[in-house]
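Colleague: I'd like to learn how to read a model like this one. Could you walk me through it, feature by feature?
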There are 4 protein chains.
Amino acid sequence: MPLKSKEGYVESLKAVRPTIFYEGQKIEDVTTHPLLLPTIENIGITYALAQREEESDLFTEFSPLIEAKVNRYGHVPQSREEMVKRIKMDRRLGNLTGLSNYRSTGADVLNCLESMTYEIDQAKGTSYHKRFTRFLSKVQSEDLSVGGTVTDPKGDRSLRPSEQEDPDLYVHVTAEMSDGIVVKGAKANQSGAGVVHELVVMPTRAMTVKDRDYAVAFAVPNNAPGLFQILSRQPGNAARVTGGPIDHGNYYAGHETLVIFNEVFIPWERVFMFREWEFSGKAVERFASYHRICYSGAVVGYLDVVIGAAALMAKMNGVSRAAHVQEKLAEMISLNETIHACGLAAALEGRQAASGAYLMNDLFANLCKLNITKMTYDIFRMAHDLTGGMIATSPSETDLRDAELGPFIQKYMRGAGSYTAEERIRVARLIEAISFGPLLGVAMHGSGSPQAQKITITRQKDISELMKVAAHLAGLRRK
Amino acid sequence: MPLKSKEGYVESLKAVRPTIFYEGQKIEDVTTHPLLLPTIENIGITYALAQREEESDLFTEFSPLIEAKVNRYGHVPQSREEMVKRIKMDRRLGNLTGLSNYRSTGADVLNCLESMTYEIDQAKGTSYHKRFTRFLSKVQSEDLSVGGTVTDPKGDRSLRPSEQEDPDLYVHVTAEMSDGIVVKGAKANQSGAGVVHELVVMPTRAMTVKDRDYAVAFAVPNNAPGLFQILSRQPGNAARVTGGPIDHGNYYAGHETLVIFNEVFIPWERVFMFREWEFSGKAVERFASYHRICYSGAVVGYLDVVIGAAALMAKMNGVSRAAHVQEKLAEMISLNETIHACGLAAALEGRQAASGAYLMNDLFANLCKLNITKMTYDIFRMAHDLTGGMIATSPSETDLRDAELGPFIQKYMRGAGSYTAEERIRVARLIEAISFGPLLGVAMHGSGSPQAQKITITRQKDISELMKVAAHLAGLRRK
Amino acid sequence: MPLKSKEGYVESLKAVRPTIFYEGQKIEDVTTHPLLLPTIENIGITYALAQREEESDLFTEFSPLIEAKVNRYGHVPQSREEMVKRIKMDRRLGNLTGLSNYRSTGADVLNCLESMTYEIDQAKGTSYHKRFTRFLSKVQSEDLSVGGTVTDPKGDRSLRPSEQEDPDLYVHVTAEMSDGIVVKGAKANQSGAGVVHELVVMPTRAMTVKDRDYAVAFAVPNNAPGLFQILSRQPGNAARVTGGPIDHGNYYAGHETLVIFNEVFIPWERVFMFREWEFSGKAVERFASYHRICYSGAVVGYLDVVIGAAALMAKMNGVSRAAHVQEKLAEMISLNETIHACGLAAALEGRQAASGAYLMNDLFANLCKLNITKMTYDIFRMAHDLTGGMIATSPSETDLRDAELGPFIQKYMRGAGSYTAEERIRVARLIEAISFGPLLGVAMHGSGSPQAQKITITRQKDISELMKVAAHLAGLRRK
Amino acid sequence: MPLKSKEGYVESLKAVRPTIFYEGQKIEDVTTHPLLLPTIENIGITYALAQREEESDLFTEFSPLIEAKVNRYGHVPQSREEMVKRIKMDRRLGNLTGLSNYRSTGADVLNCLESMTYEIDQAKGTSYHKRFTRFLSKVQSEDLSVGGTVTDPKGDRSLRPSEQEDPDLYVHVTAEMSDGIVVKGAKANQSGAGVVHELVVMPTRAMTVKDRDYAVAFAVPNNAPGLFQILSRQPGNAARVTGGPIDHGNYYAGHETLVIFNEVFIPWERVFMFREWEFSGKAVERFASYHRICYSGAVVGYLDVVIGAAALMAKMNGVSRAAHVQEKLAEMISLNETIHACGLAAALEGRQAASGAYLMNDLFANLCKLNITKMTYDIFRMAHDLTGGMIATSPSETDLRDAELGPFIQKYMRGAGSYTAEERIRVARLIEAISFGPLLGVAMHGSGSPQAQKITITRQKDISELMKVAAHLAGLRRK
């Protein structure tokens with residue numbers, strides 16, 4: 001039975017001992033550090049729920065590969081229905097944690113490589129797919145958490161990888177040996193990469209033949225020699241370390257790291273693309289579509305929380321019946337469900353890959369993410385509106401609990417009816433935790449920036465076809 | 001073989017002889033009048049394509065009711081797949097005609113009544129469903145065009161039907177007889193009602209017991225005694241009558257009428273709801289959802305044309321490579337596909353009615369229409385931007401053809417490369433025909449106004465559930 | 001006393017006899033033609049009000065040039081206060097006519113040339129300014145209506161005037177003689193050009209030395225040999241000719257023409273720029289700023305009408321107290337006043353030209369127009385929303401007056417309380433007249449398209465200055 | 001000479017010793033605390049610049065009251081020009097500090113009370129104005145920093161002050177004595193209140209006669225017995241305490257406190273409104289307009305910084321020439337200048353109060369703030385877009401400076417050309433500091449929430465006048 005318990009995940013992660021630094025210190029135990037624990041709880045819930053009977057429809061799937069029920073995050077969707085369940089699982093997790101799930105990027109890199117390796121093999125007679133499915137079997141059997149590492153630091157974005165002044169600004173092969181390869185470079189903005197068992201690396205953009213050393217994909221255990229991470233410092237970090245749970249706003253939290261590959265050896269068995277520059281662009285597009293569609297669950301899930309919290313604040317302020325409050329809630333819901341609809345449409349209009357995996361519709365997957373980059377801000381804006389000024393002015397938990405100051409806070413920050421100051425502060429802090437910080441970065445740049453989505457959308461929708469339709473109706477007689 | 005040819009449709013319509021007035025005159029032959037002919041062409045294409053082998057997948061469906069292949073507009077969808085095909089058929093028609101199809105409202109009233117009559121029978125032991133399916137069989141077997149007439153004039157919108165000063169401001173029963181009923185009132189804003197064989201009438205809003213006489217649904221042939229229509233005068237009407245085809249901009253066009261029921265007798269066999277006030281609200285919601293989802297095909301279809309035409313204008317003006325043009329096209333496509341996605345999501349997340357018919361998801365169906373009421377204007381705005389000033393200043397076809405003036409127009413209004421003045425005028429007129437006129441009214445009010453959609457969305461998405469999700473995550477300990 | 005009466009304007013215009021064609025016919029008397037009369041009424045009101053004591057503060061100004069009180073449309077503003085009055089006069093006219101005023105483009109060409117000719121003279125020792133002020137004295141003394149003709153047909157917009165296949169796609173000099181020059185070409189989209197005494201022509205874009213023949217500005221009487229116009233056919237044209245006043249929706253209306261200069265002789269006395277290619281870009285920018293600021297009055301003025309009409313429809317429909325109606329009205333007002341504010345800011349932040357004329361702030365003037373290109377559509381959208389379906393489905397005036405049909409329309413289209421069908425139709429037609437037709441083209445392209453405004457705004461606001469401010473605060477230590 | 005130096009401000013503030021608590025501790029010296037120092041620097045700059053010759057035009061004004069040059073923040077504007085200078089001073093300070101200035105709320109309460117006290121005296125024969133001007137003379141002569149404290153905690157927002165369960169939820173009079181009054185209650189969300197010499201208190205809403213005890217305005221030194229403050233805990237607080245300057249992102253920062261009046265005695269000399277409930281609504285509107293117009297400088301000023309920083313990031317990323325980057329910068333500038341324009345229009349269209357003070361136009365002042373509540377989010381959204389993923393993932397300053405980790409960060413986070421990792425991090429942190437935190441609360445709720453602005457706008461613009469204009473043009477013949 002391949003499904004790990006939450007405790008099993010934590011124990012096995014402790015054994016991995018990923019190398020992560022923060023403020024000049026090596027984090028000795030990732031499973032207890034106050035900046036990583038909230039992400040461990042976020043991932044942990046995917047293990048816990050997969051073991052619950054009533055959740056197993058969403059959180060697990062039968063894997064034909066190892067012929068057993070596996071965690072959905074280790075399973076490559078085979079059908080429209082499985083794709084829809086993935087979206088709904090992500091939304092449910094967003095509801096439960098107020099966050100994206102940090103197991104999802106890895107899942108989408110796996111999704112991408114499953115069919116890409118198959119197609120490269122078909123085109124070039126290689127045997128990546130067998131290697132990959134062997135690795136995937138391991139992931140499924142051991143119920144591993146996988147981090148997907150895609151985004152390179154990029155240096156000068158107007159130059160290709162091979163044109164950069166420093167050749168290491170994109171991850172690349174520095175040596176090819178009989179038993180494997182050596183890679184060097186870094187991956188930036190890696191969400192949750194500190195608390196997973198394995199990292200799976202793939203290229204971040206289309207390549208030319210000159211960039212072929214950069215066209216590499218592989219898996220690496222999160223404790224490989226030469227591999228280490230630097231944790232980023234986010235606005236709420238210090239409060240996480242020093243404050244109490246009310247100050248944190250949300251029990252769950254993510255983290256982002258800079259992952260450095262300082263000459264890391266990768267055995268051939270774990271190499272899934274090697275100088276396959278012609279497939280690099282297609283691979284990143286496929287990953288992006290998988291990951292963008294998942295946002296129609298994950299981001300929508302935490303936006304649900306924000307909408308609910310804003311409604312709650314309005315109620316605690318005594319204004320829930322005001323017409324403008326109702327209008328704003330209706331608008332927030334409409335925006336959020338519009339995002340969700342784009343993801344569902346991407347699942348509905350998908351197709352089967354040559355490998356048998358189910359691919360989403362790229363146009364709608366990209367549209368989903370493009371809408372997120374704008375609508376998230378609109379929803380946050382209205383949530384701040386409904387929260388009132390205390391969105392930015394709540395006192396600390398220490399003061400709330402203070403014997404002398406506490407009573408004044410209780411007295412003056414109480415809400416309508418029986419709503420207490422603590423309740424109002426808790427909800428305001430939750431909205432703050434989700435909407436003031438790094439999740440804005442996720443909404444904007446996670447799985448790629450808006451311009452990338454616009455380009456894909458324009459390419460997917462053949463404008464010349466629309467021009468023909470119009471020309472025909474206008475009675476133009478050109479061929 | 002129930003599929004009529006386009007000619008068959010026109011001939012049979014000529015035989016019906018609907019009673020329509022315009023500018024004080026009775027229209028003697030609806031099949032040749034310049035203001036009705038363009039709608040006949042619009043409906044005619046649904047007959048023509050249903051007979052083409054290569055289009056039959058979209059335009060026809062096997063009807064279990066009469067066990068034959070019927071036009072999709074006469075068929076009640078039985079599955080998600082059939083619902084999706086309806087949307088795609090509507091989009092294709094929008095592409096081909098630059099319009100919504102005027103057979104669709106009727107189709108959606110039929111869709112609604114099929115399951116509603118079944119559910120009323122179940123609840124109240126009535127036998128509406130049998131009557132209805134008998135009528136539906138006739139529609140299918142004879143391949144009839146049906147107009148759906150829903151919107152009452154409403155008078156004072158703050159009052160219920162029974163509270164109006166004039167009791168006739170909503171269609172209602174004025175007499176109940178052994179062989180049928182007599183109805184009086186009117187239906188406003190009826191699109192295409194002048195060129196269909198049958199009208200099917202249903203209530204436009206929820207009712208109370210006091211309004212029970214208004215809770216009535218029935219079918220009536222478009223030549224029943226006491227039934228007549230007044231054609232509305234729209235901005236382009238006069239040009240339709242006097243101008244040439246280039247002036248018209250679009251070969252196809254709709255029309256709207258005020259349908260008056262001046263004491264019309266309806267035999268029991270054609271009565272599908274009679275004083276069923278408790279079901280009136282549910283019925284109109286169901287119709288609305290069916291019709292709103294169809295807009296994700298129909299409106300999207302003609303917006304495709306506008307986008308293509310705008311791209312064509314940019315090309316003819318020599319600016320198609322300008323970055324801002326590319327940005328605007330990407331944005332127009334993104335908006336339009338967002339609408340489409342909402343419709344597809346409504347189909348994906350549907351459910352089976354008790355009668356076996358397939359019902360869409362109401363939330364997404366309403367969201368689709370709500371987005372249309374805003375996004376259509378945004379798309380038109382960008383199309384006008386790309387068209388340039390001639391969107392509003394093209395000379396008449398007569399002048400273009402004039403021996404003396406024509407050469408000046410040809411000379412001065414030519415485009416880049418070999419694009420001629422006529423070609424530019426044709427495309428500008430097409431955009432004008434779609435975006436300057438009554439289709440703005442359709443986008444805004446067709447199938448109900450935006451506030452109706454917001455209300456349904458808010459009702460469909462239980463905000464108290466979202467509040468619970470947020471309260472849980474914020475650590476509130478209330479029950 | 002230079003102020004003409006409205007009748008004086010009409011009589012003097014009749015004497016000019018401009019040459020205009022429509023549908024192959026020469027219009028014999030422009031002062032009575034149904035497509036030109038509504039513009040004559042629009043211009044006529046500027047004469048009528050200037051003679052009223054209580055309006056003279058807005059509509060007239062003391063001209064130091066001829067030392068007399070002149071119509072403000074013939075006066076070049078000398079101060080911030082006069083600029084503000086111009087904006088407010090335009091708004092008042094928009095309120096009174098539901099339109100821009102068709103005397104304003106000419107006024108802004110005069111405004112531009114007054115200071116430009118002065119500056120060219122200063123730079124090059126020419127004597128354009130004296131010629132120009134002589135012409136301006138005539139305009140003021142005789143209270144002439146002037147058309148500003150700026151927009152060339154442009155052909156391939158990616159090519160400069162001298163690069164076009166046909167050299168006539170921009171107005172240019174074809175001969176230079178002792179007593180004057182000969183010009184050839186056309187000006188497109190000319191609003192109201194059919195009913196003014198004089199046309200003043202200037203370039204539409206920046207030029208290079210190769211385009212010097214195109215860098216020409218001059219005045220020409222609207223009956224010069226070789227000059228003629230073709231009236232464009234707009235959606236409502238035919239209804240204007242055939243329908244009744246209710247059908248027209250608005251008593252006032254504009255018109256646009258293609259003005260053709262088929263080898264027209266211009267005496268030197270009336271030439272204000274001759275091959276001054278270096279000043280062409282600056283001139284068009286100055287004109288554009290003058291004209292864009294005037295939109296903060298004119299367009300705002302007719303949007304006021306639309307907002308008021310929408311509020312009236314809501315009241316007649318019995319829903320004026322609904323919260324969503326109040327929200328939409330507040331939003332419409334906010335958008336419209338935002339446009340107005342940009343114009344006022346442009347006046348406040350203006351400066352004196354070398355000639356003594358008052359120049360507006362270019363950034364805010366362009367911003368005003370850029371906001372119009374979007375906000376007008378948003379306001380129209382909400383107006384259509386509040387109007388209800390009858391925005392597109394009102395019956396004709398003939399049917400409303402018909403002895404048999406009329407009573408049915410009166411009965412079924414009545415509103416709440418005592419509001420009659422006619423009143424509702426009248427208001428719906430007014431909204432239709434303003435929002436369905438050519439005024440969309442004006443809002444978008446009048447005085448230049450949005451991209452032109454964006455370019456000017458970016459040029460006016462030095463982004464490198466903002467970068468320095470940010471770099472300083474971020475602690476960057478670069479020079 | 002009344003102008004204090006920056007050092008003088010700090011010294012005098014140290015002498016005041018305001019009572020402030022944070023995390024259960026009393027802050028012993030407000031002038032050195034890491035959470036208050038950045039606000040002291042923000043206010044300090046207003047002292048420093050007022051003493052510089054080249055800045056004195058903006059930062060000082062001649063006060064007729066004390067017949068000397070005073071800091072503009074202590075001066076009540078007497079004319080349109082002075083109002084415009086206030087806006088421009090605020091913008092300049094926003095440019096220099098990336099923040100609103102925390103001396104401005106107090107200034108606007110002074111502005112409001114100057115004319116309000118005059119008007120109350122005129123209406124009721126009281127003598128508030130003399131008291132007030134005496135206090136104002138002191139503020140000017142001693143160049144005091146004043147905090148404006150307006151917002152009460154409000155409890156149940158659907159109830160009036162006197163209807164609340166706890167009578168202290170709005171500040172009110174609890175005793176009236178021969179030498180003064182005693183007040184109790186609290187003021188929430190008080191920006192910068194910890195580092196000013198004096199607080200001036202006024203009501204936050206309109207009152208009825210039953211609320212008369214709440215209709216009170218007064219000045220109180222920031223060390224009065226019974227007065228104390230609790231500092232709020234904001235997301236970046238902990239990092240301010242522990243991190244280094246790069247982590248802070250911005251040298252300057254604000255703070256918000258809960259100000260508690262626990263039975264504070266106010267001598268009559270400092271009471272400016274006493275139970276003047278009829279003037280309470282007017283007073284808060286006047287304050288709000290003054291403060292909302294100041295946002296057209298202050299908020300615009302820090303948005304300038306964000307726009308410049310985003311442009312800088314794009315340049316450092318090597319993409320500053322990309323068309324979509326240019327489009328976004330143009331749009332950001334357009335939004336920001338639109339806000340500025342509304343403020344300028346409010347100044348232009350102002351009027352003189354009875355006291356001689358200059359009042360802004362309320363409609364435009366409110367519009368300015370309403371636009372801020374939306375446009376700020378739009379600008380931040382685009383800034384995050386241009387910044388790239390590192391907006392949320394930069395490493396800490398400690399790691400950047402770390403001997404072992406630093407070189408990896410330097411290597412992998414470098415930008416295009418010679419731009420270093422540190423430079424990119426500095427700019428990303430600056431954007432983060434401004435856009436991720438409490439300034440969102442300021443933009444939304446500072447000087448009142450958007451619904452308050454909408455209500456004022458609707459009241460200022462008489463919709464019935466617009467309805468009359470439309471009715472006239474539509475030919476309606478009602479009186």
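Colleague: At what angle do helix 11 of chain A and helix 10 of chain B pack, and how far apart are their axes?

Modeller: Ground rules before that. This is a predicted model, so local features need pLDDT of at least 70 and side-chain atom pairs count only at pLDDT 80 or more, while totals for chains, interfaces and linings use all residues. Residues are numbered from 1 along each chain as its sequence is written, chains are lettered from A and ligands numbered from 1 in the order in which they are written, and side-chain values use heavy atoms, with hydrogens and water left out.

Modeller: Now, the general idea. Helices (H or I, at least four residues) and strands (E, at least two) are DSSP runs, numbered from the N terminus. Axes are lines fitted to C-alpha atoms, for helices over the stretch in contact, and angles run from 0 to 180 degrees between N-to-C directions. Here, helix 11 (residues 362–387) of chain A packs against helix 10 of chain B at about 110 degrees, and the axes are 10 Å apart.

Colleague: What do you call that arrangement, roughly perpendicular or roughly parallel?

Modeller: Angles under 35 degrees count as roughly parallel, over 145 as roughly antiparallel, 65 to 115 as roughly perpendicular and the rest as oblique. Helix 11 of chain A and helix 10 of chain B are therefore roughly perpendicular. Contact means heavy atoms within 4.5 Å. On the chain A side, the residues that meet helix 10 of chain B include Phe364(A) and Leu367(A), and among their partners are His340(B) and Leu344(B).

Colleague: Which residues make the contact between helix 16 of chain A and helix 10 of chain B?

Modeller: First the geometry: the axes of helix 16 (residues 450–460) of chain A and helix 10 of chain B come within 10 Å and cross at roughly 80 degrees. That makes helix 16 of chain A roughly perpendicular to helix 10 of chain B. Gln451(A), Lys454(A), Ile457(A) and Thr458(A) sit on one side of the contact, with Glu327(B), Ala330(B), Ile333(B) and Ser334(B) on the other.

Colleague: Let's zoom in on Ala330(B). Is Ala330(B) buried or exposed?

Modeller: Buried means under 20% relative accessible area, exposed over 50%, partly exposed in between (1.4 Å probe, protein chains only). Ala330(B), in helix 10 (residues 323–348) of chain B, has 4% relative accessibility, so Ala330(B) counts as buried. Leaving aside residues up to four places away in sequence, Ala330(B) touches Lys454(A) and Thr458(A).

Colleague: How do helix 1 and helix 2 of chain B pack?

Modeller: Helix 1 (residues 6–16) of chain B and helix 2 (residues 37–50) of chain B have axes 7 Å apart and an angle of about 130 degrees, so the two helices are oblique to each other. Tyr9(B) and Leu13(B) are among the helix 1 residues in that contact, and Ile40(B) and Tyr47(B) are among those from helix 2.

Colleague: On to rings. How many aromatic pairs are there over all chains?

Modeller: Rings of Phe, Tyr and Trp (its six-membered ring) pair if their centres lie within 6.5 Å; planes under 30 degrees apart count as stacked, over 60 as edge-to-face and the rest as tilted. Searching the whole structure gives 36 aromatic pairs over all chains. Take Phe408(A) and Phe228(D): the ring centres are 5.0 Å apart and the planes at 80 degrees, so the pair is edge-to-face. Phe408(A) is in helix 13 (residues 406–412) of chain A and Phe228(D) in strand 10 (residues 227–231) of chain D, so this pair joins two chains. Phe228(D) has 11% relative accessibility and counts as buried.

Colleague: Where does the charged end of Arg103(C) sit?

Modeller: A charge sits over a ring if NZ of Lys or CZ of Arg is within 6 Å of the ring centre and within 35 degrees of the ring normal. The charged end of Arg103(C) is over the ring of Tyr47(C), 4.1 Å from its centre.

Colleague: And how many disulfides are there over all chains?

Modeller: A disulfide is a covalent bond between the sulfur atoms of two cysteines. The test is a pair of cysteine sulfur atoms within 2.5 Å, and the count over all chains is zero. Cys368(B), for instance, is in no disulfide, and the nearest cysteine sulfur, that of Cys342(B), is 6.1 Å away. Cys368(B) is buried, at 0% relative accessible area.

Colleague: Last one: what is the phi of Glu263(A)?

Modeller: Most residues other than glycine have a negative phi. Glu263(A) is not a glycine, yet has a positive phi of about 65 degrees. Glu263(A) is in strand 11 (residues 256–267) of chain A and, at 40% relative accessibility, counts as partly exposed.
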